[in-house]
Amino acid sequence: MAHYFGFVPSDKLKALISEAEQVVASNENVEYYPYRDALTHQTARDLTDNLLVGLVDIIPNPERQASMRKIVGTIERATDTLLNILLGKENNKDVLPSFHFLRDHATFIDNEGVKRVGFKLSEKDANTITEGFAAITPEHVDRAKFKTALETMNEETLTHFISRYAETLKLGMIKRKSVPVAKSAIDKGMSMALNKLLPDLPNDSLNRLANYYRPFIIEKPE
């Protein structure tokens, strides 16, 4: 069995995926890069919505909710800034590797036949995440294990959708060097969110948080 991280795309992202696939498959005489750019931006928004925005309501303290929303806003702006730097007009030949990555390495079909946006986890990371999620139950809570699981999931997600995806882009030296710097800034924001969120959550909220994230980890046959 293999483990995947993945979420069901929003209706907007589904439409963009379908549109891009049709354009490339039909060999239409149009420029591909606007489709690639729109698809990339929406994938980033969906990732932020699923990983961060959705958990704000789990926080019981209104002040901490407001603080979390500020952190989420910072991460969204950092992501948009990075994508605006990296993306832009390119010829169709240079755009195709990005489409192929998104099609072949950033989507999969889950056990119910639903297309998800995500990727296969390494066995080591899958074990860390599943063990960390299993460490949160109504009877027992291991915050340290759970935090490590969330950090691992976030890190692998950023690595896949920023670092690996950026390898498909035709970038000059300066833009290429900006990728790890921007990834580090986004990673720092996500770590800040976890560090603000986890220590003060009561056990029932931790269980709601674990239940929120569990559906993102899919176990399926190889």
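## Strand pairing and overall build

Strand β1 (residues 2-7) and strand β3 (residues 115-120) run antiparallel and are joined by four bridges. Please keep in mind that this is a predicted model. Within that pairing, phenylalanine 5 stands opposite phenylalanine 119 of β3.

Strand β3 has another partner as well: it pairs with strand β2 (residues 107-109) in the antiparallel sense, over three bridges. Here isoleucine 109 has lysine 115 in β3 as its bridge partner. The hairpin of β2 and β3 has five residues between the strands, and in that hairpin glycine 113 takes a positive phi near 80°.

| Strand | Partner | Sense | Bridges | A residue pair |
|---|---|---|---|---|
| β2 (residues 107-109) | β3 | antiparallel | three bridges | isoleucine 109 and lysine 115 |

Now to the whole chain. How many helices and strands are there in the protein? There are eight helices and four strands. Read from the N terminus on, the elements come in the order β-α-α-α-α-β-β-α-α-α-α-β. The radius of gyration is 18 Å, close to the 17 Å that the globule rule gives for 222 residues, so the protein is as compact as a globular protein of that length.

Among the contacts with a separation of 6 or more, 77% are between residues 24 or more positions apart. Of the 222 residues, 48% are buried. The accessible surface of the protein comes to about 11400 Å², and carbon and sulfur atoms account for 53% of that surface. As for charge, the protein has 29 positive and 31 negative side chains, with the centres of the two sets lying 5 Å apart.

Alanine 66 lies in helix α3 (residues 62-86). Is alanine 66 buried, exposed or partly exposed? Its relative accessible area is 37%, so alanine 66 is partly exposed. Alanine 66 and alanine 185 are 119 residues apart along the chain, and their C-alpha atoms are separated by 21 Å.

Terms used. Residues are numbered from 1 along each chain as its sequence is written. This is a predicted model: local features need pLDDT of at least 70, side-chain atom pairs count only at pLDDT 80 or more; totals for chains, interfaces and linings use all residues. Side-chain values use heavy atoms; hydrogens and water are left out. Helices (H or I, at least four residues) and strands (E, at least two) are DSSP runs, numbered from the N terminus. The radius of gyration is taken over C-alpha atoms; the globule rule is 2.2 Å times the number of residues to the power 0.38. Buried means under 20% relative accessible area, exposed over 50%, partly exposed in between (1.4 Å probe, protein chains only). Contact means heavy atoms within 4.5 Å. Accessible areas come from the Shrake-Rupley method with a 1.4 Å probe; for residues, only the protein chains shown count as cover. Lys and Arg count as positive and Asp and Glu as negative; His and the chain ends are not counted. The place of a charge is taken as NZ of Lys, CZ of Arg, CG of Asp or CD of Glu. Two strands pair if DSSP finds at least two bridges between them.
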